[in-house]
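Please read it alongside the sequence and coordinates.

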Amino acid sequence: MRERIGFQESEWVDDGWGGSESAWVTKFEEPAELRPGIGSETVIASRIAGVQPFTMVIRSSTRTRQITPAWRCYDVRAGMGEDGKTPKRLFNIKAVANPDQWHSMLNLMVVEGTP
């Protein structure tokens, strides 16, 4: 497990003006293994966008078993973008699987390159 992955959940946070706004909040970081799948090109809004699927393998724990497809994750080592808030390498979680049914490892089907 050579990668360091941060996991984020969307939450309502104070906007500083007495209201609230939706923001991605990092919950924790975990070591992971990324196994690339077969990439594809999908036509989105009359343009072609490269889509790269991965199987992400992480250790199962009480906190990692909270992950759902509503979350997203990012490569911690790639760093943040120019705004300091948006990760440079972002993954959308499509599915979470427990392949051995013993809760030793979790397989996350993730996609890089989609909004």
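Predicted model: local features only at pLDDT ≥ 70, side-chain atom pairs only at ≥ 80, totals over all residues.

Arg 89 forms a salt bridge with Glu 112, with the closest N and O atoms 3.0 Å apart. Arg 89 sits in the loop between β5 (72-75) and β6, while Glu 112 belongs to strand β7, so the pair ties together parts that are 23 residues apart in sequence.

- Side chains of opposite charge can pair when their charged atoms come close.
- The structure contains seven salt bridges.
- One of them joins the side chains of Glu 29 and Arg 4, at 3.5 Å from N to O.
- This pair links distant parts of the chain, with Glu 29 in strand β2 and Arg 4 in strand β1, 25 residues apart.
- Glu 29 is partly exposed at 31% relative accessibility, and Arg 4 is partly exposed at 28%.
- Lys 27 and Glu 9 also meet through their side chains in a salt bridge, at 3.9 Å from N to O.
- Lys 27 is in strand β2 and Glu 9 in strand β1, so this pair ties together parts 18 residues apart in sequence.
- Lys 27 has a relative accessibility of 37% and counts as partly exposed; Glu 9, with a relative accessible area of 28%, is partly exposed.
- A network of salt bridges links Glu 9, Glu 11 and Lys 27.

**Glu 30**

- Glu 30 lies in strand β2.
- Its relative accessibility is 9%; because the cut-off for buried is under 20%, Glu 30 counts as buried.
- The side chains of Glu 30 and Arg 63 are joined by a polar contact of 2.6 Å.
- Neighbours within four places in sequence aside, Glu 30 is in contact with Glu 3, Arg 4, Ile 5, Phe 7, Arg 63 and Thr 64.

**Nonpolar core**

- The largest nonpolar core comprises 16 residues, and Phe 7, Met 56 and Leu 108 have the most contacts inside it.
- The elements giving two or more residues to this core are β1 (3-14), β2 (20-36), β4 (47-59), β6 (90-97) and β7 (105-112).
- Phe 7, one of the core residues with the most contacts, is also among the residues in contact with Glu 30.

Key: Residues numbered from 1 in each chain as written. Heavy atoms only, no water. Core = buried A, V, L, I, M, F, W, Y, C linked by side-chain atoms within 4.5 Å. Buried < 20%, exposed > 50% of the residue type's maximum accessible area, 1.4 Å probe, protein only. Helix = DSSP H or I, 4+ residues; strand = E, 2+ residues; numbered from the N terminus. Polar contact = N/O pair within 3.5 Å; in protein donor to acceptor, adjacent residues only side chain to side chain. Contact = heavy atoms within 4.5 Å. Salt bridge = Lys/Arg side-chain N within 4 Å of Asp/Glu carboxyl O.
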